Amino acid sequence: MQASNLLKLDTRASKRSNMLLEQSLAKPRRDKVSLGAFAFLFAEIIRYSQNRVLGIQDLEAKLNELGKRVGVRVFELLMWREKNVHRETRVLPTLMFINTVVWRALFDKQADSLGHSTENDDEYMITDNEPSILKYISVPKEMASFSPGAFLAGVVEAIVEGCQCPARVTSHLVPADGMPLKTVILLKFSQEVMEREKRLETTK
């Protein structure tokens, strides 16, 4: 009797799995993963990574690498799904694509701001005042320099590379009044990218 019940349950699970696999990638799913479930998964990713590194820099590098893996897949999916979006190869359109399309796809909102450094032409900033994936992450005092947003930096780095605008991308936790999780993603584009931008500007 118990074996029969288990067989029925297994059949139902198999049907649900088949329905999931048969869904079209071209259409966004209406059902969404709950914030609590996603935050729990992200917290476990941090815990798992922390047990396999020697320090904060190694931990951030690990999260960055995981973020890159996600970013590659997000970029491929959006290029397939967003019919009105083409692959950008210029710096500013690429940043606007990340600031709006990518952020909406991942977090159901666009990033709070996109800025350009007044000191270095090759540096840009994407700011999220309350990143949803960090909502339930508490950084202990002894790890005050740790930025869990390194995962987001990895996602962004993979996407700018996919747009042929490679950059060094880092995440910085910048708490402000009423915004304890405010995170700034800093992008420093390679010299080759900036030289290409100057050439394209002069040929307009």
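**Loop contacts and helix packing in a predicted model**

Once neighbours within four places in sequence are set aside, Asp 122 is in contact with Leu 187, Lys 188, Phe 189 and Met 194. The model is a predicted one, and this residue makes a handy way in. Asp 122 sits in the loop between β1 (113–116) and β2 (123–128). With a relative accessible area of 17%, Asp 122 falls under the 20% cut-off and so counts as buried.

Zooming out, the protein has 6 helices and 4 strands. Walking along the sequence, these elements come in the order α-α-α-α-β-β-α-β-β-α. So much for the layout; next come the totals. The protein has 204 residues, and 34% of them count as buried. As for contacts between residues at least 6 apart in sequence, 59% of them join residues at least 24 apart.

Now for the helix pairs. Two packed helices are described by the angle between their axes and the distance between the axes. For α4 (91–107) and α5 (150–162), the axes lie 11 Å apart and the packing angle is about 130°. An angle between 115 and 145 degrees is neither roughly perpendicular nor roughly antiparallel, so α4 is oblique to α5. The crossing of this pair is right-handed. On the α4 side the contact is made by Thr 94, Phe 97, Ile 98, Val 102, Trp 103, Leu 106 and Phe 107, and on the α5 side by Leu 152, Val 155, Val 156, Ile 159 and Val 160. Sorted by type, the residues of the α4 contact with α5 come out as 11 nonpolar and 1 polar, with no charged ones.

The other pair to look at is α2 with α3. Helix α2 covers residues 35–50 and helix α3 residues 56–81; their axes come within 9 Å and cross at roughly 130°. That angle makes α2 oblique to α3. Here, too, the crossing is right-handed, as α2 passes α3. From α2, the residues making the contact are Ile 45, Ile 46, Ser 49 and Gln 50, and they meet Leu 59, Lys 62, Leu 63 and Leu 66 of α3. By type, the contact of α2 with α3 divides into 5 nonpolar residues, 2 polar and 1 charged.

Most residues other than glycine have a negative phi. Against that background, Asp 108 has a positive phi, near 65°, without being a glycine. Asp 108 lies in the loop between α4 and β1. With a relative accessible area of 56%, Asp 108 is over the 50% cut-off and therefore counts as exposed. Gln 164 is another non-glycine residue with a positive phi, in this case about 60°. The loop that holds Gln 164 runs between α5 and β3 (167–173). At 47% relative accessibility, Gln 164 is between the 20% and 50% cut-offs, so it counts as partly exposed.

Notes: Residues are numbered from 1 along each chain as its sequence is written. This is a predicted model: local features need pLDDT of at least 70, side-chain atom pairs count only at pLDDT 80 or more; totals for chains, interfaces and linings use all residues. Side-chain values use heavy atoms; hydrogens and water are left out. Axes are lines fitted to C-alpha atoms, for helices over the stretch in contact, and angles run from 0 to 180 degrees between N-to-C directions. Helices (H or I, at least four residues) and strands (E, at least two) are DSSP runs, numbered from the N terminus. Angles under 35 degrees count as roughly parallel, over 145 as roughly antiparallel, 65 to 115 as roughly perpendicular and the rest as oblique. A crossing is left-handed if the near helix is turned anticlockwise from the far one by less than a right angle, and right-handed if clockwise. Contact means heavy atoms within 4.5 Å. Ala, Val, Leu, Ile, Met, Phe, Trp, Tyr, Cys and Pro count as nonpolar, Asp, Glu, Lys and Arg as charged, and the others, Gly among them, as polar. Buried means under 20% relative accessible area, exposed over 50%, partly exposed in between (1.4 Å probe, protein chains only).
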